[in-house]
Amino acid sequence: MNYVIKTAKTVDEAVSQALIELNIDREDAQIEVIEESSKGLFGLIGSKNATVKVSKIEDTEDILKEIFTESEKSQPTDEFENTVSTEEFTVSTQEVEEVEVTDKKSATSGEIEEISREFLDKVLNSLGIETDLDVNFENNVLKVEIKGDEEKLGIVIGKRGVTLDSIQYLLSLIVNKNTDEYVRVQLDSSGYRQKREDTLKDLAQKMASKVLKTGRNVKLEPMNAHERKIIHEALQEYEGVITHSEGKDPYRKVVIQKERKY
C-alpha cells in the first residue's frame, strides 16, 4: 500500500508535504499521527517535530492483489503452497461492491456483521479454504475469528501476521465506509493473535535475560506499534532492564538495554 512518512514542525505541515509527494487530496488519504510536535522547555530544549504516516486510499481490487501477492511470496515452500495458484487470489472490485451497503444511512449492527461475513467469505472462497466465521459486533468493536484447518489458514495469516493485518485493514475500510461512527475491527485466525502475543512475551523475557548476562543491548526485529507495546509492557516490571523504540515505521524496532544505576 502506498504511503510516505514525513516529519515537520507541525502535523499539518507534515501532512501537506506527504500529500504533495503522493499527489493526492486530503480526502483521498488516510492519516496516522506517529508523533505529535512538542515545543520543549522554553521552546528551545527538547523540542520535537511532528511525524505522520500518510497512506493513499487505494482501489479495493488493487489492495486485494497486493495482499495476496505478498502472501504468496512470504509462504514457506511446502506441499500446500504448491497447490495454490495465483489465479485463486482474484477477487474483483464488483464482487466486493456487492457486499457494501449502498444506502447512505449508517449500517445497523446486523448489517455490519453481514457485510463482514460476505466480504470475508468471498476472499476465503477465492483461496479454496473451508472456514467458519465467528462474527460479533458490540460497542463499536467488530470481532471476527476465522476458524478452520490451521495448516491451510497459514496463507491467511502470512509471515508474522502481515497478511491477516492487511485483510483486517481492508475489512475496516469497507465496514467504516458504511457507518457514521468509527468501528474498531479485530480480525483473528485460529487464535493466532494470542499465540503471537505469548511468543513475543517469551521472546522479551529471554532477550532481557541475555542483556543482563552480557551487558549488551539487544535490538529486536521491526514490529508494528501493537507488537512493540506488548514487548514494552512485558518488560515494564523486569528488574535491571529498560526498553525504548527507535527508527521509523515500518522499520521501527524495540531496543532492550541494561538499566544504569547511579
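This tour moves through the structure stop by stop, saying what to select and what is there.

The model is predicted: local features need pLDDT of at least 70, side-chain atom pairs count only at pLDDT 80 or more, and totals for chains, interfaces and linings use all residues. Residues are numbered from 1 along each chain as its sequence is written, and side-chain values use heavy atoms, without hydrogens and water.

**Stop 1**

Select residues 3–8, 29–35 and 50–56. These strands form an open sheet of 3 strands in the order 1-3-2, with antiparallel pairing. Strands are DSSP runs of E, at least two residues long, and helices are runs of H or I, at least four, numbered from the N terminus. Pairing takes at least two DSSP bridges between two strands. Strand 1 (3–8) and strand 2 (29–35) are the edges, each pairing on one side only. Neighbouring strands are turned by 25 degrees against each other on average, direction ignored. Axes are lines fitted to C-alpha atoms, for helices over the stretch in contact, and angles run from 0 to 180 degrees between N-to-C directions.

Look between strand 1 and strand 3: 6 bridges join them. Thr-7 has Thr-51 as its bridge partner in strand 3. Contact means heavy atoms within 4.5 Å.

**Stop 1: helix 5**

Select 109–126. Helix 5 has 18 residues and reaches 26 Å from first C-alpha to last, close to the 26 Å expected at 1.5 Å a residue. That expected span is 1.5 Å times one less than the number of residues. Its buried residues include Ile-112, Ser-116, Phe-119 and Leu-120. Buried means under 20% relative accessible area, with a 1.4 Å probe and protein chains only. Just after the helix, Gly-128 takes a positive phi of about 70 degrees.

**Stop 2: helix 7**

Select 162–176 and find Ser-172. Ser-172 counts as buried because its relative accessibility is 14%. Beyond neighbours within four places in sequence, Ser-172 is in contact with Tyr-182, Val-183 and Val-185.

Terms used. Buried means under 20% relative accessible area, exposed over 50%, partly exposed in between (1.4 Å probe, protein chains only).
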